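Please keep the structure open while reading.

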Amino acid sequence: MKKNIAGTEIDVNEEGYLTDPSQWNEQIAAAIAVEEGIGALGEGHMKVVRYLREQQAKGAALTIRSMGKSGVVTTKELYDLFPGGPLKKSSKIAGIPKPVGCI
Amino acid sequence: MSKHLLILGGGTAGTMMANHLRRKLPATEWRMTVVDRSDKHLYQPGFLFLPFGKYDESDIIRQTRDFMPGGVEFMQNEVEKIVPEQHAVTLKDGQELKYDILIVATGCRTAPEETEGMLGPKWRMNVHDFYTLDGARALREKLKTFKGGRVVVHINEMPIKCPVAPLEFTFLADTFFREQGIRDKVTLTYVTPLSGAFTKPKSSKKLGHLLGDKGIELVTEFVAEKVDQENDKLVCFDGREVPYDLLVTTPTNMGDESVRRSALGDDLDFIPTHKHTLQSIEYPDVFVIGDATNLPASKAGSVAHFESETLTDNIIRHIEGEPLKEEFDGHSNCFIESGNGKALLIDFNYEYEPHEGNFPFSFGPMKLLEESRLNHLGKLAFRYIYWNVLLRGWPLLGISRQKKKPAAFAE
């Protein structure tokens, strides 16, 4: 489905995650962050977002562990930056798929 | 001189590959060896039932050798290191095995040491796991005398083997405590690092009610910083705490330690593998199957089964110098125990999430993504299929390696 985010028509799934990471830009990230209740994105948020996008582009599985060990952010900082859902909120803002189980 | 095909791991995937390939490779040209540290083959889906006294150990333990075809040498030994540059594997006792083709089927293991406090003094006293035979046994003894209290079922981090098993355990525990007449003295809580017990929209819509119906409390987005054994509680990185009287945890899953010693894995010791061909990304004569891969597929026996069919064809192609089939599609299917003698059945792959429909044929007889008694009987019958059909590398009637396109998507 289509959704208008920051003035652009974007392809998203039914939960609002981007289905095409290449449609992403920083304005879209900022708009999703406001929707998710994270507010304005600082440099700390953007470091995480950029790291997530790099890893996703490489085809790597994204886990709290790999982020915690990446040197970009500690797991505690991740919760501080994206309270209530560090993985799902940061992934949504980064324009990559939600981390999911098999069902 | 004949060539050597070496398989590391005599579990589900390794045994299936030995059976498939021995039928395909002429014994005059190819020697085959399987190495495993254990000479016991465990029916791992049985670990889910063992704690509730539903299965005996004799139902789930067999001799690995009994499933190896003639013409395959089984060596009980520990792998020290894989050295792909030299086409060699060294064993703990110093022996070196040379190979022409290597299949790594070393699976995954639970790593409770990865979480602070998990292996404290109360490990297997009120902090339990059921992903190992010892763990399932200890939990069975614990449940025999359990009088009530806060039972917390926990997933530490993804990915885990058989990702739905902790949820099944929770459903079966609900039934078990009912049968014991103590359900009113037990609270059941399911704690997950994901955003829900069901994370895919279709499953969530169809099955989301199950937790509420059974009075199971759900705690999501919970990544455990530590297990505080002094105060009997799980502590999340964001400060949330979940107190327990009995913790049934699923520790972090990692690949085999020999993978780490060989520096072949990612940060969880899973080996980078081509997701459609099952060839190692780095070494063309190395193939990886089952839980040992880093594929974004479930770590489950059904996946290993579907992979084994593609991998058999690809090894033959590789030997003949033909391009590999980019065929494996992440196909997985499994029965999910939902308690009260019922189960669900799901079928999915990389592309299609679990959906509704009939299985395995267009008329059924089983229904996908729906609770039924027939599915539960299917799960129980599956143990016979596992020992007698699956491990022998025979195909399953009506269930192809690649997932059939769901009816809703068919053109």
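Axes are lines fitted to C-alpha atoms, for helices over the stretch in contact, and angles run from 0 to 180 degrees between N-to-C directions. The model is predicted.

**Chain A: overall build**

Chain A has five helices and two strands. Along the sequence the order is β-β-α-α-α-α-α. The radius of gyration of chain A is 13 Å, close to the 13 Å from the globule rule for 103 residues, so chain A is as compact as a globular protein of that length. Its C-alpha atoms fill a box of roughly 35 × 30 × 25 Å along the principal axes. Of the 103 residues in chain A, 33% are buried. Among contacts in chain A with a separation of 6 or more, 48% join residues 24 or more positions apart.

**Chain A: a helix pair**

Helix α2(A) spans residues 43-57 and packs on helix α5(A), residues 86-94. The angle is about 75° and the axes lie 9 Å apart. Angles of 65 to 115 degrees count as roughly perpendicular, so α2(A) is roughly perpendicular to α5(A). The residues of this contact divide into five nonpolar, two polar and one charged.

| Helix | Residues in the contact |
|---|---|
| α2(A) | Val48(A), Val49(A), Leu52(A), Arg53(A) |
| α5(A) | Ser90(A), Ser91(A), Ile93(A), Ala94(A) |

**Chain B: domains**

Chain B is divided into domain 1 (3-42 + 62-110 + 255-319), domain 2 (112-253) and domain 3 (332-409). The C-alpha centres of domains 1 and 2 of chain B lie 32 Å apart. Seven residues of domain 1 are in contact with 12 residues of domain 2. On the domain 1 side, three are nonpolar, two polar and two charged.

Terms used: Residues are numbered from 1 along each chain as its sequence is written. Chains are lettered from A and ligands numbered from 1 in the order in which they are written. This is a predicted model: local features need pLDDT of at least 70, side-chain atom pairs count only at pLDDT 80 or more; totals for chains, interfaces and linings use all residues. Domain bounds come from an automatic or database domain assignment. Two residues are in contact if their C-beta atoms, placed from the backbone, lie within 7 Å. Ala, Val, Leu, Ile, Met, Phe, Trp, Tyr, Cys and Pro count as nonpolar, Asp, Glu, Lys and Arg as charged, and the others, Gly among them, as polar. Helices (H or I, at least four residues) and strands (E, at least two) are DSSP runs, numbered from the N terminus. Angles under 35 degrees count as roughly parallel, over 145 as roughly antiparallel, 65 to 115 as roughly perpendicular and the rest as oblique. The radius of gyration is taken over C-alpha atoms; the globule rule is 2.2 Å times the number of residues to the power 0.38. A residue is buried if 20 or more other C-beta atoms lie within 10 Å of its own, exposed if 12 or fewer, and partly exposed in between; C-beta atoms are placed from the backbone.
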